[in-house]
Amino acid sequence: MLPSLFISHGSPMLALEPGASGPALTQLATELPRPKALVVVSAHWESQHLLLTAGERPRTWHDFSGFPARLYALQYPAPGAPELAKEIAQRLNDAGLSAELDAQRPFDHGAWAPLSLMYPHADVPMLQLSLPSHQGPEMQTRVGRALASLREQGILLIGSGSITHNLGELDWRAGPDAITSWAKAFRDWVVEKLEADDLEALHQYRRLAPNAARNHPSEEHLLPLFFARGAGGAFSVAHSGFTYGALGMDIYRFG
């Protein structure tokens, strides 16, 4: 059975400059059985309620600005999974989580940037599930639990965000060994609670974790972690590290 994953995707430049986390993603993909399909909850698709990409071949969306031209030339033409989207929408609705299909939504970089390193041939069907971020961590835990059994069908469930994400306090000249104490303290607290399986504390991270609001001025980049945890099993760290001093690039495996 496949695990579920939480991936810190960092900058869109991950697709071109993978740093240390790129090889970790590639290695992880080689270790796992080849999935029949990918289901991704990305920090970059916030919504009021649950939506699923349902196009036959969603386009690659370069949903950012100010990056080199070669990044905008990248395409990730993975096929969509419209029949799976229908099945997932039904599962979510049966669980009391209203979900609808969106046939027009493209793949954002929270999905295609890390997946371009894991499955570079773009030959695994993929769909995205939106993030109703205003409903907080508990909602994502419920969504993950509702879809957990898909792992038994060979479907890889992925939450894509960042373990820390305060872009306003990054040091763009920092080397790979530079780590700010406030970012490390938050990351270490989250790992400790994941290892202890302390869901109550994790749901209350904004009140309990050190420097929570500093690491996440808004919640959207951490919430995919709760989807992955809710969908998965035993926790382990697949990769740990920081870029730019305070941008956590951890990759977590559940199961």
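A: Arg34 counts as exposed, because its relative accessibility is 53%; the term exposed applies over 50% relative accessible area, buried under 20%, and partly exposed in between, with a 1.4 Å probe and protein chains only. The model is predicted, so local features need pLDDT of at least 70 and side-chain atom pairs count only at pLDDT 80 or more, while totals for chains, interfaces and linings use all residues. Residues are numbered from 1 along each chain as its sequence is written, and side-chain values use heavy atoms, with hydrogens and water left out.

The side chain of Arg34 forms a salt bridge with that of Asp123, at 3.2 Å from N to O. This pair links distant parts of the chain, 89 residues apart: Arg34 belongs to the loop between helix H1 (21-31) and strand S2 (37-46), and Asp123 to the loop between helix H4 (109-118) and strand S5 (126-131). Helices (H or I, at least four residues) and strands (E, at least two) are DSSP runs numbered from the N terminus. Asp123 is partly exposed, at a relative accessible area of 37%. A salt bridge here requires a side-chain nitrogen of Lys or Arg within 4 Å of a carboxyl oxygen of Asp or Glu, and by this rule there are 11 salt bridges.

Another of these joins Asp197 and Arg229, with 2.4 Å from N to O. Asp197 sits in the loop between helix H6 (181-195) and helix H7 (199-203), and Arg229 in helix H10 (residues 223-231), so the pair ties together parts 32 residues apart in sequence. Asp197 is exposed, with a relative accessible area of 51%, whereas Arg229 is buried, with 14%. Salt bridges with shared partners also join Lys184, Arg187, Asp188 and Asp250 into one network. Within it, the closest N and O atoms of Arg187 and Asp188 are 2.9 Å apart. Arg187 is buried at 9% relative accessible area, and Asp188 is partly exposed at 30%.

The helices H1 and H4 also meet: their axes come within 7 Å and cross at roughly 65°. The axes are lines fitted to C-alpha atoms over the stretch in contact, and angles run from 0 to 180 degrees between N-to-C directions. Gly22, Leu25, Thr26 and Ala29 of H1 and Pro114, Leu117 and Met118 of H4 make the contact, which means heavy atoms within 4.5 Å.
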